[in-house]
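This briefing describes a predicted model. The sequence and structure are shown first, and the notes that follow are grouped by topic.

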Amino acid sequence: MLERKERVEELLESLWIITVEGQKDKSDFSLLKDDEAVKDLVKMGYVFIKENQLGLTETGKMEAQKCIRRHRLAERLMTDVFVEKRKLIHETSCKFEHLIHRDLEKNICTLLGHPKTCPHGKPIPPGSCCRGASKEYLKKIIMPLTELEIKKGGKVAYLQTGNRDILQKMIAMGVLPKTEILLLQKFPSYVIQVGKSQFAIDKEMASHIYVRQV
Amino acid sequence: MQFDKNHDGPIEHSLEIALETIEGLLHDKYSLSRRALGLLLLQEDQEIKDMVKESQPTIIDHIEKIISGVKAHYAYPIEYEIALRRRDEAERIINRVVKIKEKKQGVAEKISALMMHPLTGFPLLFLILYFGLYKFVGVFGAGTVVGYIEETIYDSYLNPLLVKIFSSFIPWRILQDLMVGEYGILTLGLRYAVALILPIVTFFFLVFSVIEDTGYLPRLAMLIDRTFKKIGLSGRAVIPMVLGFGCATMATLVTRTLPTKRERLIATMLLALAVPCSAQLGVILALLGGHPKAMVLWAGIIMMVFLFIGFLTAKLLPGERPSFYIEIPPLRLPHLGNILTKTYTRVKWYFWEILPLFLLASVLIWLGKLTRLFDFLIFLFTKPVTMIGLPEEAAQVFLFGFFRRDYGAAGLYDLHKDGLLTGDQLLVACVALTLFLPCVAQLLMNLKERGWKTGVGISLFTLVVAFAVAFMVNLVLNNLGISL
């Protein structure tokens, strides 16, 4: 039964990537004609079939978004916390995501400092916890530099930006994943120590640097 | 299900494979190694791409195809992927050959931390400005030294001597006026340049070089970034701004270092409007020296105009907010030799740049007076000048102020010496003159750097703001019955 559920969720995720992120209406159905999971999805009202094409219904989209969120959070967890080998991330995450229920998802998201993208740079759909709705009682492991305490050190987990301009500045400063940085002050600008050098950066830049506290 | 593009495996080597393919395509007649070229091409360096296009036009399409192929494998830009690998390699080498001993925090680090801490940083900034700019440049440079050169050397010896020589050798009154008259080339142009501006600017550049060489400027940038963001600039703009206190013309040139057009425009405008150059500053400090209340008010008003106009422009001008990062170098004790060399080169550049303009200004004033054109322009200025509560004589100060902003300030100084101005009037005049049109040199620089439309626009804008603010200051002072 579990396998069936997994298959359903994987299908939803694929459809999400193709239709929502790929901005297409439907996806080719011919290969999956006899798949039981497709039939399940149609029965649940998540998916419609039209002219040999598959598409997500509105409720299907909501469900798919949740699956995608769990998948990408799982990937982040594997990379950032368990420092899983890159090659294994996908496989482990694929198994792990199906075990994440709602509260667990919230906790993982909080632990990781509410990441906005997966390790491959794809967006993680925000959950209710990301909007700061619930009170946080968990101690974060990964967080944006803006949330690190002064005089605390951290190891850069990842840079939360695809902006080339900002990335080039980060490269110039040597702020890259695995770099150790020490936060010296936050006001009026952020001052960080990277190796033997000190840099001042603004809040905007600091919020792109996600660190793992050490 | 999802196709993992960063999957470890052969794809991980796609960078290396692409690089080797590109290397194979390049011929070996470039001055750089093929690997270096390949790396730069992968990072989409436009200059290198153009160079290869020029030299091997047939392969560029192929290279572009390879690059876009590699790009599809990575979520981040390729230069980032390359930087990661380069860093790993550097670390591997360093770990094998370098041992780092932990050092205890020294005095320099402690002072540095104090300079950057908001609670101690701003008082320290104030102290640096007070002693460096006010006490040293203003009081000592513009007051004591200028006073000595002007009064003792020029007024007592040089000017009477020059007048005597020229009166006896040149019989024509008009030519006498040109050389040694009230606005003569020698008695006014050269005197202002040598006796007034030169010492003030020298003292300013001396202080600036010291501040620059200690490594204080990046710390100042980091302190001020948050405030500057509000006016559409980043902390980096602090360098042209501080330089503007020396020479706004030079500072306008330095706005080139700002990354976006928007920042350059805002900086140019603020430099034209609300940053007094050292020559002006010197004279204004001398003028207001006897009126401490007026001086505080003057500084407050100028600062408010600076922030308000900056804030308004940042709101009105479209464009992205600038992002800010700057390296904070260790604090160093400046080297006297370097300071002197720097100051000397800067002063030399500045002096030869302005001397012709001063002399030209003298000639233009002489011509303007001769043709009565100036009388007409002064007449035009009389109305606004009296409207802001100044005596009619001040009109010519504003006109001359255009030829050099500091020239105008110096003219005001003469009015003050003659006892023609009250405390209130002094304040209003100083405010108007600080905000007033940039000097000829700065106007030309604005036109050159920002294009003539923007340049003229900025100048007209400053003209309007200067009179509007002065008018309001006068109104407020009168209505509240304040006399300074």
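Which residue of β1(B) does A:Ile201 stand opposite? A:Ile201 faces B:Tyr325 in that strand. This pair belongs to the pairing of β8(A) with strand β1 of chain B (residues 325-328), in which four bridges join the two strands and the sense is antiparallel. The points below begin with the contact between the chains and then turn to the sheet, the cores, a helix pair and some backbone features.

**The contact between chains A and B**

- Chain A contributes 33 residues to the contact, and chain B contributes 31 residues.
- On the side of chain A that touches chain B, the elements giving two or more residues are α1 (2-21), α4 (86-96), α6 (164-173), β8 (197-201) and α7 (203-206) of chain A.
- With seven residues, α6(A) gives the most to that side of chain A.
- Sorted by class, the side of chain A that touches chain B holds 14 nonpolar, 10 polar and nine charged residues.

- An open sheet is formed by seven strands in the order β4(A)-β9(A)-β5(A)-β6(A)-β7(A)-β8(A)-β1(B), and the pairing is antiparallel.
- Its edge strands are β4 (142-144) of chain A and β1 of chain B, each of which pairs on one side only.
- On average, neighbouring strands of this sheet are turned by 40 degrees against each other, direction ignored.
- Helix α10 (residues 216-230) of chain B packs on the sheet, where it touches β7 (190-194) and β8 of chain A as well as β1 of chain B. The direction of α10(B) makes about 140 degrees with that of β1(B).
- Within chain A, strand β5 (residues 153-159) and strand β6 (residues 180-185) pair in the antiparallel sense over three bridges. In this part of the sheet, A:Lys155 stands opposite A:Glu180 of β6(A).
- β7(A) and β8(A) run antiparallel and are joined by five bridges, with A:Ile192 opposite A:Phe199 of β8(A).
- These two strands, β7(A) and β8(A), form a hairpin with two residues between them. In the turn, A:Gly195 has a positive phi of about 60 degrees.
- Because four of the five residues of β8(A) are buried, this strand is largely enclosed by the rest of the structure.

**Chain A as a whole**

- Chain A has seven helices and nine strands.
- Its C-alpha trace spans about 60 × 35 × 35 Å along the principal axes.
- Of the 214 residues in chain A, 38% are buried.
- Among contacts in chain A between residues at least 6 apart in sequence, 60% join residues at least 24 apart.

**Nonpolar cores**

- In soluble globular proteins, nonpolar side chains tend to be buried together.
- The largest nonpolar core has 163 residues, of which B:Ile200, B:Ala429, B:Cys430, B:Val431, B:Ala432 and B:Leu435 touch the most other members.
- Helix α9 (residues 185-214) of chain B gives the most to this core, with 16 residues.
- Leaving aside residues up to four places away in sequence, B:Ala429 touches B:Leu390, B:Ala394, B:Leu412 and B:Leu421.
- A second, separate core has 13 residues, among them A:Leu15, A:Val47, A:Leu54 and A:Ile68.

**A helix pair in chain B**

- The axes of helix α6 (residues 107-116) and helix α7 (residues 118-169) of chain B come within 5 Å and cross at roughly 90 degrees; α6(B) is therefore roughly perpendicular to α7(B).
- B:Leu114, B:Met115 and B:Met116 of α6(B) make the contact with B:Thr120, B:Gly121 and B:Leu124 of α7(B).
- By class, this contact of α6(B) with α7(B) has four nonpolar, two polar and no charged residues.

**Backbone features in loops**

- A:Phe187 and A:Pro188 are joined by a cis peptide bond, with omega about 0 degrees. A:Pro188 lies in the loop between β6 and β7 of chain A.
- B:Glu44 is not a glycine, yet has a positive phi of about 60 degrees. B:Glu44 lies in the loop between α2 (34-42) and α3 (46-55) of chain B, and counts as partly exposed because it has 15 C-beta neighbours inside 10 Å.
- B:Arg372, also not a glycine, has a positive phi of about 70 degrees. B:Arg372 is in the loop between α16 (336-370) and α17 (373-387) of chain B, and its 9 C-beta neighbours inside 10 Å make it count as exposed.

Definitions and conventions
Residues numbered from 1 in each chain as written. Chains lettered and ligands numbered in written order. Predicted model: local features only at pLDDT ≥ 70, side-chain atom pairs only at ≥ 80, totals over all residues. Contact = placed C-beta atoms within 7 Å. Nonpolar A, V, L, I, M, F, W, Y, C, P; charged D, E, K, R; others polar. Pairing = 2+ DSSP bridges. Core = buried A, V, L, I, M, F, W, Y, C linked by C-beta atoms within 7 Å. Buried ≥ 20, exposed ≤ 12 C-beta atoms within 10 Å, placed from the backbone. Axes fitted to C-alpha atoms, helices over the stretch in contact; angles between N-to-C directions. Parallel < 35°, antiparallel > 145°, perpendicular 65-115°, else oblique.
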